[in-house]
Amino acid sequence: MDCYTANWNPLGDSAFYRKYELYSMDWDLKEELRDCLVAAAPYGGPIALLRNPWRKEKTASMRPVLDIYSASGMPLASLLWKSGPVVSLGWSAEEELLCVQEDGAVLVYGLHGDFRRHFSMGNEVLQNRVLDARIFHTEFGSGVAILTGAHRFTLSANVGDLKLRRMPEVPGLQSAPSCWTTLCQDRVAQILLAVGPDLYLLDHAACSAVTPPGLAPGVSSFLQMAVSFTYRHLALFTDTGYIWMGTASLKEKLCEFNCNIRAPPKQMVWCSRPRSKERAVVVAWERRLMVVGDAPESIQYKQLTIQVLLDRLVLRRLYPLAIQICEYLRLPEVQGVSRILAHWACYKVQQKDVSDEDVARAINQKLGDTPGVSYSDIAARAYGCGRTELAIKLLEYEPRSGEQVPLLLKMKRSKLALSKAIESGDTDLVFTVLLHLKNELNRGDFFMTLRNQPMALSLYRQFCKHQELETLKDLYNQDDNHQELGSFHIRASYAAEERIEGRVAALQTAADAFYKAKNEFAAKATEDQMRLLRLQRRLEDELGGQFLDLSLHDTATTLILGGHNKRAEQLARDFRIPDKRLWWLKLTALADLEDWEELEKFSKSKKSPIGYLPFVEICMKQHNKYEAKKYASRVGPEQKVKALLLVGDVAQAADVAIEHRNEAELSLVLSHCTGATDGATADKIQRARAQAQKK
Amino acid sequence: MAAHLSYGRVNLNVLREAVRRELREFLDKCAGSKAIVWDEYLTGPFGLIAQYSLLKEHEVEKMFTLKGNRLPAADVKNIIFFVRPRLELMDIIAENVLSEDRRGPARDFHILFVPRRSLLCEQRLKDLGVLGSFIHREEYSLDLIPFDGDLLSMESESAFKECYLEGDQTSLYHAAKGLMTLQALYGTIPQIFGKGECARQVANMMIRMKREFTGSQNSIFPVFDNLLLLDRNVDLLTPLATQLTYEGLIDEIYGIQNSYVKLPPEKFAPKKQGDGGKDLPTEAKKLQLNSAEELYAEIRDKNFNAVGSVLSKKAKVISAAFEERHNAKTVGEIKQFVSQLPHMQAARGSLANHTSIAELIKDVTTSEDFFDKLTVEQEFMSGIDTDKVNNYIEDCIAQKHPLIKVLRLVCLQSVCNSGLKQKVLDYYKREILQTYGYEHILTLHNLEKAGLLKPQPGGRNNYPTIRKTLRLWMDDVNEQNPTDISYVYSGYAPLSVRLAQLLSRPGWRSIEEVLRILPGPHFEERQPLPTGLQKKRQPGENRVTLIFFLGGVTFAEIAALRFLSQLEDGGTEYVIATTKLMNGTSWIEALMERPF
């Protein structure tokens, strides 16, 4: 090479390109490529070829063949295609091969041709078939978009979390669009399609016509469109041989070019090198390749990270090499070696010729307690291969219950899941398993399971208390928990029943339960309550007014306030209200009524069990000193001073205190000697004190 | 800002910053303008983490309270529900989402579960057909909220009831998670002590969780030397007694919620000259109480009887400081005086507030009834006449004093007598049902289930043994210059704090016998540290103990622990964590059940 720039060709004014061979492909394919559906994974990933995809013959020799090669053409897998006709192939970001069939089924294969799973793009497709499909990549993952025979689009933005979106109809669309592509803007996947001279943008809500800015006139049809890998740029090829390049938002034109070739290109793609500022579109016809480019502002390209590199190695089962790289780069275990070991383990569980015990042991030996290894992921893989027992064995090594439980549920080992959830202490997890069990088991078995798990039982009771009251009753019944049943019926007597008879009946059930629980006190109290309820109803009928749901105490008070003293006394006798409380009750009610005459009569009915100080206090509270004084004289010696002070008789209080020779009382009186008139009294007390000290 | 969180031995601002960062990150995930729909219970605790300004910086334009039917109109791109993971809340959210006006501009929905995402709740949303409507469903692990430089709370009102009545350990799981978060920020705690069934379970969960995270080796130098987990039901007595510290009394009388108290406004009327007090403010005076306020930090933990002298001394200092202006002669002196003015004015405002509060409290504490109640409480706690019907309680019932007050006293008597004689118990219960209504039979059952009210088993009273061994009653208490924790209840030393004190010195081995009488196991666990992280204590350097009250803690207990922290030869400083800051009233309230 005599001159470094000799093999560079100019591209526009300021950019150059060159063509050179990176490496030659190991495969011996040449012309056959023409007859293949081809899909190359991004970042130098594998290449999938489906040969003879359009053959419909049933004979084995003529069936399509699916070959998977590495980027350098090393064969990785080859299998006969036994399923339906394939419309499109593509690789997901996780290097899974998605094969979209005409009937809308999408078959998913691993890098080594191992079948993973399948899903459908919707029932509608069964009838209308899939005309065309695209596999695309967004920040959420890899998506699939299909165009059906009815000229409708359906897409799923992330095949990992499949949600099908049927796009709105394009008005007046009678035939397939001349070209279309998927876009992704503001986190929403969209479809751009060309019909004659018009462009339409479809999102899940609407179909809108769009016009690229600065598009040359005279276009009657778009033949090709291409969107860049990052969804930032768009190129359109028209039937006038004109190329428009701009932003995918259709807000800005970057450049345009007229190539004067009117034939529809076979392929058009954006290409650019990592960290390069140049962007270009490569257009290919049967025997011609054209590079159209511009050199505008800088663009950041995401690099292939170490993590992705390791993932790629792992997918190619190059575990030792990956581990060596980790060790060389001194990656933290969690990101490095443990992750790779975990992948190795996932591969290991697929070795069907090794027994469950041996696989589990081998995995545990190699992985041990390596930080960051998820045994549940490995177990999930084992379960995916139909090895449930192995999965359970592997789960035993999993320290995180949160991870064990969902898989155990999936494997229908609900009871084991329940004990694992309980072990974790995570009540939410326990609830989840419980609701699962409730649907899975019949009621009897479910209750039996609960019985053996007290923690789960209490949680479920709480759930029922708020969500399923009847079930709560059944649970208590099953456990012969009569005390709680009693409380249950007490609550029910308030909540469910309006009529007195209904309430009394509920209370009777409660009382019976309390008897069974040997809680005589509660049973008797409940019976008293029933008696009171009936009585209150009668009082309302006979006397009018509100009695229901008053306490016994308040019922008696209400009666006295209404002037029904006899009835109040009868009530007190019937319910054995203690004398002391009855006196308080009457005293308070009569004072409230300011019925001083009745109060005095009452005070003389017999010797007060609460003394007479309360009488003094309550009269003073009603500001009736005159009445208060009547009772002050009757207060016993112990509280005499207090009573006299209450009615303001400081002098007499002093006399009593001096007589009692009680120091506390003396200082109490002294603290009340405030006015000028009390001067003499104060002196008297001081003298008495002095005298007392002399002795 | 939250400078008061960094005064202590452990800088709790680190935790606050961590949870604030987590919140910001979540808000930024929902790009564009947003409205927050609040589970009302969360607004108080969130206020301690982030003010509205932080939310506003992250494009929160509207806030609503979660309720049924259609959401209020708001021209925003995102609607975010901030909720506790509860089924009944999920039903409301579903109702909101389903009645969203389709004709209006499409709004993105998100849910932030506090403190934990719940499969159960997501299943409910799925059953209601709205799960797919949410773009982000995440959790915000706000377990322990920093209240003060040495105080963290989960503010979980129902934790005690759930744990001891309903067998629901959700709050214990959250507590364990909260402790893991603390360890992630402040290093692995090398030693765990505990007493009680719940304590044992939290420790088990922590050990288990640690095993789950083996991957991420904690390389932070440990700040805490040990952790003490205490079940509330090991000490049912303390919260029942009336707290006698300044802060404790404010809480007993007015209730402190998320560090705020609402007070009757009369005493805070601005003093204007020539104004006959015509327009007294009618709205309650709301004050924030924490150690950011210098004066409050000084008096909050004192016995109330020692507060007056501090206030009057402060008043003299402040007026003297203001007098200084007459001495300021030179321009330099005047300048210096003026520069101190804002600080002095703040101090004067603070003094005026606390003088008013102290007056309000004094009105209560000097009442005869308060004195009578206290006398009965103290008799019970010192073991006098605990086995027969008490006259004062009887009179309280007869006069229909507030039921909670009665229940507190009856429970106190029961606890101080290791349960009541059947006859006494039945008498009280009958009196309560007849006076306050038969529906309270459910509340009484709850109290019995929680062990607060019970018949004495086999006629044996263990309380005197416990009282004597742990020296729970101190006759010679010094309220002004305390020498023992018993000053916080003017004689009674809180059992829980005594256990902590004895653990620190001389160790629990000395009280094995009493520990066996108290409910639940006691235990010790070690969490091994890598050699590089093992601590070599300097001579004279105090240990730092994180003490976690499972089921709630009172301000008086906190005061007692702070007293121990400040002892010169104490050897241990405490950081306090709890499921809920509470007092006897709020505690009993949470255990009450009203069927209608």
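## A four-stranded sheet in chain A

In chain A, four strands line up as an open sheet in the order E7-E8-E9-E10, with antiparallel pairing. Strands here are DSSP runs labelled E, at least two residues long, and helices are runs labelled H or I of at least four residues, both numbered from the N terminus; two strands count as paired if DSSP finds at least two bridges between them. E7 and E10 of chain A stand at the edges with a single partner strand each, so one side of each has no neighbour in the sheet. On average, neighbouring strands of this sheet are turned by 20° against each other, direction ignored. Such angles come from lines fitted to C-alpha atoms, for helices over the stretch in contact, and run from 0 to 180 degrees between N-to-C directions.

Looking inside the sheet, E8(A) pairs with strand E9 (residues 105-109) of chain A in the antiparallel sense over four bridges. A:Leu98 stands opposite A:Val108 in E9(A).

## How to read the model

This is a predicted model, in which local features need pLDDT of at least 70 and side-chain atom pairs count only at pLDDT 80 or more, while totals for chains, interfaces and linings use all residues. Residues are numbered from 1 along each chain as its sequence is written, chains are lettered from A and ligands numbered from 1 in the order in which they are written, and side-chain values use heavy atoms, with hydrogens and water left out.

## Salt bridges

Side chains of opposite charge can pair when their charged atoms come close. With a salt bridge taken as a side-chain nitrogen of Lys or Arg within 4 Å of a carboxyl oxygen of Asp or Glu, the count over all chains comes to 72. One of them joins A:Arg117 to A:Glu96, with the closest N and O atoms 3.3 Å apart. A:Arg117 lies in strand E10 (residues 115-120) of chain A and A:Glu96 in the loop between strand E7 (86-91) and strand E8 (97-101), so the pair ties together parts that are 21 residues apart in sequence. A:Glu96 is buried at 12% relative accessibility, whereas A:Arg117 is partly exposed at 31%. The cut-offs are under 20% relative accessible area for buried, over 50% for exposed, and partly exposed in between (1.4 Å probe, protein chains only).

A:Lys524 is partly exposed at 41%, and A:Glu520 is partly exposed at 48%. In chain B, the side chains of B:Arg86 and B:Glu88 form a salt bridge at 4.0 Å, N to O. B:Arg86 is partly exposed at 30%, and B:Glu88 is partly exposed at 41%. Back in chain A, salt bridges that share partners join A:Glu96, A:Asp114, A:Arg116 and A:Arg117 into one network.

## A parallel sheet in chain B

Chain B has an open sheet of five strands in the order E2-E1-E3-E4-E5, with parallel pairing. Its edge strands are strand E2 (60-65) and strand E5 (134-139), each pairing on one side only. The twist averages 20° from one strand to the next.

Strand E1 (residues 34-38) of chain B pairs with E2(B) in the parallel sense over five bridges, and B:Ile36 has B:Met63 in E2(B) as its bridge partner. Helix H4 (residues 87-98) of chain B packs on the sheet, touching strand E3 (78-83), strand E4 (108-113) and E5 of chain B. The direction of H4 makes about 170° with that of E3(B). Contact means heavy atoms within 4.5 Å.

## Nonpolar cores

A nonpolar core is a set of buried Ala, Val, Leu, Ile, Met, Phe, Trp, Tyr and Cys residues joined through side-chain atoms within 4.5 Å. The largest one has 223 residues, and those with the most contacts inside it include B:Leu23, B:Phe82 and B:Phe548. Apart from it lies another core, of 85 residues, among them A:Ala345, A:Val405, A:Leu407 and B:Ala35.

## Where the chains meet

The contact takes 52 residues from chain A and 47 residues from chain B. The two chains bury about 4300 Å² between them, of which carbon and sulfur atoms give 53%; buried area is the accessible area (1.4 Å probe) that two parts lose on being put together, summed over both. Seven salt bridges are counted between chain A and chain B. A:Asp554 forms a salt bridge with B:Lys400, the closest N and O atoms being 2.6 Å apart.

A:Leu552, in helix H17 (residues 552-561) of chain A, is buried at 0% relative accessible area. Leaving out residues up to four places away in sequence, A:Leu552 touches residues of both chains, including A:Leu532, A:Phe575, B:Gln434 and B:Tyr438.
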